[in-house]
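User: I would like to learn how to read the features of a structure. Please take me through one step by step.

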Amino acid sequence: MEYVALAIWDTWKTVTRAAEVIADGGAFVIPSRAVSGRAVSPEDALTLPEVYRAFSLISTAIKQLSLDVYRGDERLDPKPAIVRAPNVAMSAGQFLELVVNSMSATGNAYLLIDRDSSGRVVNFTPLDPRNVEPQTDGSGRTTHYAVAGRTTPVPSRDMAHPQLNRMPGRAKGLGPIQAAQGTLRGALDVRDYASNWFHDSGLPSGGYWSTDKPLTPVQAAANREALTQAARDREGVPMVGDGFKLVPFSLSPEDAQWLESRKFNTTDIARLFGVPASLMLATLDGNAQSYQNVSQELTSWVKFGLAQYTNEIEEALSRALPRGQRVRFNFEALLRGDTAERYAAHESALRAGWMTPDEVRAIENLPPLPKPEPAPAPAPEAVEPEAPETMEAPA
């Protein structure tokens, strides 16, 4: 176990070592993004259909979720403006997509914070994670962020930094692409080899000519030239002698495209990004899919896959709110079942009394029921005036 731990630590240091930011006349220069010929950049990884699919699934799932704000157990309505629109120039869904894709690609997202004159957060600007470099002090605490194009570093209080897989003493998170370079390089190599098989394999198309008779180099060259010329002549029929026969290649399309290896790569990449294989459209041998299995997979994905992203975003947005308020994603839209299943659950909740009709209607994107008009106050009872007393005449 000690050797395994040391190997993991060495790998971490190799792929996450902080590049030095050089001060040159007061201007901060971000190190070159050039990578070695064998390293896999996020752009390279996204050329794999499996990686593109994983990115799309994670960002699309989180874009479907709504953000709610709570003070204790009370949900605030209306929500603060910074939660309704974290960036004034884009929709909330576009903002979430940029943040999530940055984390998937590099393990880090950087959100530049804008404040008004009173110090209240009014805007988050997602930055290109390749153009930002954290700066730390002697204890490893991040104090500033060097940003390409800015002459002075950004203080840590003005930058939100959601990240994946933190490690002590490291200013950056570790993303799936950086953590699994070998897996992704192997997938790229298999794909490229399969794509170039018929062009760059060094084997002639169709097959080759063979004879049992010994041939001198001169005879071999002459026969090769004759067969080549005959093959080019589409109108004629090739004539061969000396016992030549055509030996075709019997390589199936499945073997030529390395389908088994590529199927394994799909499940490996699904595991790497924490996405259910069924959503990656991968079929697992011996694993029959049913509605119940897929539903359980989706619930597990929300808890142990998407939560890694949503928790980071919730923390970043919650820090922009007054003390005591908390941002939470509402997963109802993602986890809701089919119509019959939802209606049965709603009926059970209403009977048990722990949900109101308006709460159920909100889940179904319906407006609240109209409030009943108050009953008119009863009219006051009419009081008959008392008859005046009459004075009896004296006898």
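**Strands, cores and rings**

Analyst: Leu111 stands opposite Ala160 in S10. Helices (DSSP runs of H or I, at least four residues) and strands (runs of E, at least two) are numbered from the N terminus. This is a predicted model, where local features need pLDDT of at least 70 and side-chain atom pairs count only at pLDDT 80 or more, while totals for chains, interfaces and linings use all residues. Residues are numbered from 1 along each chain as its sequence is written, and side-chain values use heavy atoms, with hydrogens and water left out.

User: Which strand pairs with S10, and over how many bridges?

Analyst: Two strands pair if DSSP finds at least two bridges between them. Here the partner is S5, residues 110–115, and the antiparallel pairing with S10 runs over two bridges. The open sheet has three strands in the order S6-S5-S10, with antiparallel pairing. Its edge strands are S6 (121–127) and S10 (159–160), and each pairs on one side only.

User: What is the order of strands in the sheet that holds S13?

Analyst: That open sheet of three strands reads S4-S3-S13, again with antiparallel pairing. S4 (74–75) and S13 (325–330) each have a single partner strand, so one side of each is left without a neighbour in the sheet. S3 covers residues 66–71 and pairs with S4 over two bridges, in the antiparallel sense. Arg71 has Glu74 in S4 as its bridge partner.

User: How many helices and strands does the chain have?

Analyst: The protein chain has 15 helices and 13 strands.

User: What share of the residues is buried?

Analyst: Buried means under 20% relative accessible area, exposed means over 50%, and partly exposed lies in between (1.4 Å probe, protein chains only). By that rule, 32% of the 395 residues count as buried.

User: Which residues have the most contacts inside the largest nonpolar core?

Analyst: In soluble globular proteins, nonpolar side chains tend to be buried together. A nonpolar core is a set of buried Ala, Val, Leu, Ile, Met, Phe, Trp, Tyr and Cys residues joined through side-chain atoms within 4.5 Å. The largest one here has 51 residues, and Ile58, Phe124 and Phe273 have the most contacts inside it. Apart from that core lies another, of eight residues, including Tyr110 and Val147.

User: What does Ile58 touch?

Analyst: Contact means heavy atoms within 4.5 Å. Beyond its neighbours within four places in sequence, Ile58 contacts Val100, Ser104, Phe273, Val275, Trp301, Leu306 and Tyr309.

User: Is Thr142 buried or exposed?

Analyst: Thr142 is buried, at a relative accessible area of 18%. Thr142 belongs to strand S8, residues 142–147. Setting aside neighbours within four places in sequence, its contacts are Pro134, Gln135, Thr136, Ser156 and Ala171. Thr136, in strand S7 (residues 132–136), counts as partly exposed at 42% relative accessibility.

User: How many aromatic pairs are there?

Analyst: Rings of Phe, Tyr and Trp (its six-membered ring) pair if their centres lie within 6.5 Å; planes under 30 degrees apart are stacked, over 60 edge-to-face, and the rest tilted. The structure holds four such pairs. One of them joins Phe329 and Phe331: it is tilted, at 6.5 Å centre to centre and 45 degrees between the planes. Phe329 counts as buried, with 7% relative accessibility.

User: Which residue lies over the face of Tyr70?

Analyst: A charge sits over a ring if NZ of Lys or CZ of Arg is within 6 Å of the ring centre and within 35 degrees of the ring normal. Arg328 lies over the face of Tyr70, at 4.6 Å from the ring centre.
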